[in-house]
Amino acid sequence: MDLLENLNERQIEAVTFMEGPLLVLAGAGSGKTKVLTTRIAYLINQGINPENILAITFTNKAAHEMKSRIGNLIGYYSHNMQISTFHSFGLRLIKENYEYLGYDKNFVIFDSDDSLTIVKKIIKDMNLDKDKFNPKAIRNKISSLKNDLIEPSSYKKYALTEFDEVVYKVYQKYEDSLYENNSLDFDDLLILPIKLFSKRKDILERYQEKFKYILIDEYQDTNEAQYKLTKMLASRFKNICCVGDVDQAIYGFRGANYKNILNFERDYKNTKIINLEENYRSTKTILDAANAVIKNNKNRKEKNLFSNLGIGEKIEYYRASTGLSEVSFVISKIKDLMSDGISLKDMVILYRTNAQSRIFEDGLMKSSIPYKIVGGINFYGRREIKDLLAYLRLIHNIHDNVSLERVINVPKRGIGEKTLTNLINKANENNISMYEAIDSGKELGFKKIIEELKTLKDTMSLVEYIDLVLDKSGLINELKNEHSLEADIRIENLEEFKSVARAFEEENGVISLEDFLLNVSLISDNLDVKDEVKDSVSLMTIHAVKGLEFPYVFLVGMEERLFPHVNSLDSEEDIEEERRLCYVAITRCKTKLFITNARQRLMYGIDQINPASRFVLEIDESLINNLSQKEIENFSRIDYNNDISEEKVNIEENYLNKDLDYQVGDFVYHENFGAGTVIEVIKNKKNPKLTLLKIAFKLPYGIKTLLYNHKSLKKI
DNA sequence: CCATAATTCTTTTTT
DNA sequence: AGAATTATGG
């Protein structure tokens, strides 16, 4: 079979360029994955040993996809090839060299929750005010310092403010604590290989020799650590192929720097650059919409992405009155599509924040439409799963104080704060772990359970062992005795966890607890085998949908403050990242795009009124079929930067006012001030005719308070 | 020590 | 609104 059969000229060029640095600037839907996979297949066909190939992606899903597509291309899959995410690649390097890094071989990986637990503890131990020194903020700061490869000792010099000083101290203690627990956090998976390579040139050279051909996907989303790591590995042979699209850079918040892609030419001399500009995914209408949005970014290179797939259908836009009616609209459209014979797996609901998924879940459940949530509330973040994992981790690594503290009293064994403090003190005094410090009292019973489980560890299969742990620990009995719906769900989740373990075993043959624990922490996208088969609508955040495509896309919650999100509103740079996110969302769509939002929505338990997202207004009207009232153009005259923070509305007030002409959220037109939105109705109890309206107009007018029946004011 | 009540966050986005 | 953390009383 000819590998190059279905490729265009540019793609062929990218696939067959063998030696030297290669940068592929691949617009959305331009066959990026196809190029990467075909290139790997081509390299192998050219006689390159699969062992010498390293391909790095950002998600496990992308890595899986790549593996199976290469398998299809060359008829087999070679396990000698290294195709993985940055983090699992880092983990592999650490596993192969842990002794040089000073870790015990039973090290474990802490997820972000565990990191937060440690930070909280440190802050408490230091007697700091946690309102002033927010643990989450400090953890995030530590993480970004780590990703920028700044160690505590070097940060000390820059820590000028009181806050930074605290960050420095907590950072130092945090690193010590990880080390004491014989554990690594996510960031360590990238940093430790870099440290290893800087210290041991001989080891670096060995890996450079091994990975002669390197391919990096989504290069625009690499952070400093990832950038440095690839640069180290590639610096010898310079056979590095990076694929990316600056317009799709959406991970700035975790330290990604899309300039890495722009600096590629500077880093590698004689870089070959190939532009892929033909989009094979979306209709012209969809692509035009995406281009119309992204062209508003100032910080960007003009690009000429085109599609030959025809105009296609118009985008349907609906501005619902409430969040619930937005859901109803989407569900009715899904039903329409179903009756047209479209299958559910071809539809996706995309939102900006995870919190938005719930009302859609409720609605879909009530309508008996099968759905699956991709990513979302982390499966491994659930209490019962974390408890089980903590047992397993403690059994595996008795130095893991974090896990011990989590489960020593789960289920209740009458071990409280006092016992724990004693244990901590004893452990500190004797320089041993808390587990080792146990020598009396009720906690001895706990130690016995763990000891017994330890001896049985290698005598049975993983799934059997998990059952044993659930039984001996008392976790499962506690839930069974509860006889509540909630407990039943938890038991179900534990069963689900067992099937994940089973899938692991089936994929890798007999797997040790060690390997299972290390890998399980890196898999946040659920590898649901069952859901693949069932025909269901997908629900996910826009970040999670990156790299995927769907014929029918519902882009929901398109409101100012939700998308673009409030937290990005006061920085132009952040707005541009939001806009790129919107670009990613639109370009996922192949056939038909639905855009919706709600005039009034429950957020944090209170009703809020949000204008339509600026991104909707940036799309040319001719591409849109507006199913709500014709209100877009009116809205477009409102300046978003108006301070309309008083927009919170009491719903009861709305009911009181329903006999009036005006309600909060109504659109008005004023002879002098132009279009505006009512943000408050101030009713005069004695004289209804003196009702005042607080209205947000476009700048420079801003917020004005006017008489509702003023002759220059019209409701539209 | 624990169950319950009261209170205080939470919502960006992910490996 | 709902989850998570903290205070209270037994």
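Tutor: The residues that make up the surface near DNA strand C fall into three charged, two nonpolar and one polar. This is a predicted model, in which local features need pLDDT of at least 70 and side-chain atom pairs count only at pLDDT 80 or more, while totals for chains, interfaces and linings use all residues. Residues are numbered from 1 along each chain as its sequence is written, chains are lettered from A and ligands numbered from 1 in the order in which they are written, and side-chain values use heavy atoms, with hydrogens and water left out.

Student: Which residues surround DNA strand C?

Tutor: They are K120, K130, R358, L602, Y604 and G605, where near means that a heavy atom of the residue lies within 4 Å of the strand. Lys and Arg count as charged, together with Asp and Glu; Ala, Val, Leu, Ile, Met, Phe, Trp, Tyr, Cys and Pro count as nonpolar, and the others, Gly among them, as polar. Of the atoms of DNA strand C that come within 4 Å of the protein, 38% belong to sugar and phosphate.

Student: What makes the approach of K120 to a phosphate oxygen of DNA strand C a polar contact?

Tutor: A polar side-chain atom of K120 lies 3.3 Å from that oxygen, and the rule asks for a pair of N or O atoms within 3.5 Å (within protein, one must be able to donate a hydrogen and the other to accept it, and residues adjacent in sequence count only if both atoms are side-chain atoms). At Y604 a polar backbone atom is 3.5 Å from a base nitrogen of DNA strand C.

Student: Why is F89 called buried?

Tutor: Its relative accessible area is 1%, and buried means under 20%, exposed over 50% and partly exposed in between (1.4 Å probe, protein chains only), so the word applies. F211, at 3% relative accessibility, is buried as well.

Student: How many aromatic pairs does the ring rule give?

Tutor: The count comes to 14, where rings of Phe, Tyr and Trp (its six-membered ring) pair if their centres lie within 6.5 Å, and planes under 30 degrees apart count as stacked, over 60 as edge-to-face and the rest as tilted. F89 and F211 are 5.6 Å apart, centre to centre, with 75° between the planes, and are edge-to-face. F89 lies in helix 4 (residues 86-101) and F211 in the loop between helix 10 (201-210) and strand 6 (213-216), so the pair ties together parts 122 residues apart in sequence. F264 and Y268, at 4.8 Å and 40°, are a tilted pair.

Student: Where is H396, and what makes it buried?

Tutor: H396 is in helix 17, and its relative accessible area of 5% is the reason why it counts as buried. Leaving aside neighbours within four places in sequence, H396 is in contact (heavy atoms within 4.5 Å) with N106, F107, V108, L513, E514 and L517.

Key
Helices (H or I, at least four residues) and strands (E, at least two) are DSSP runs, numbered from the N terminus.
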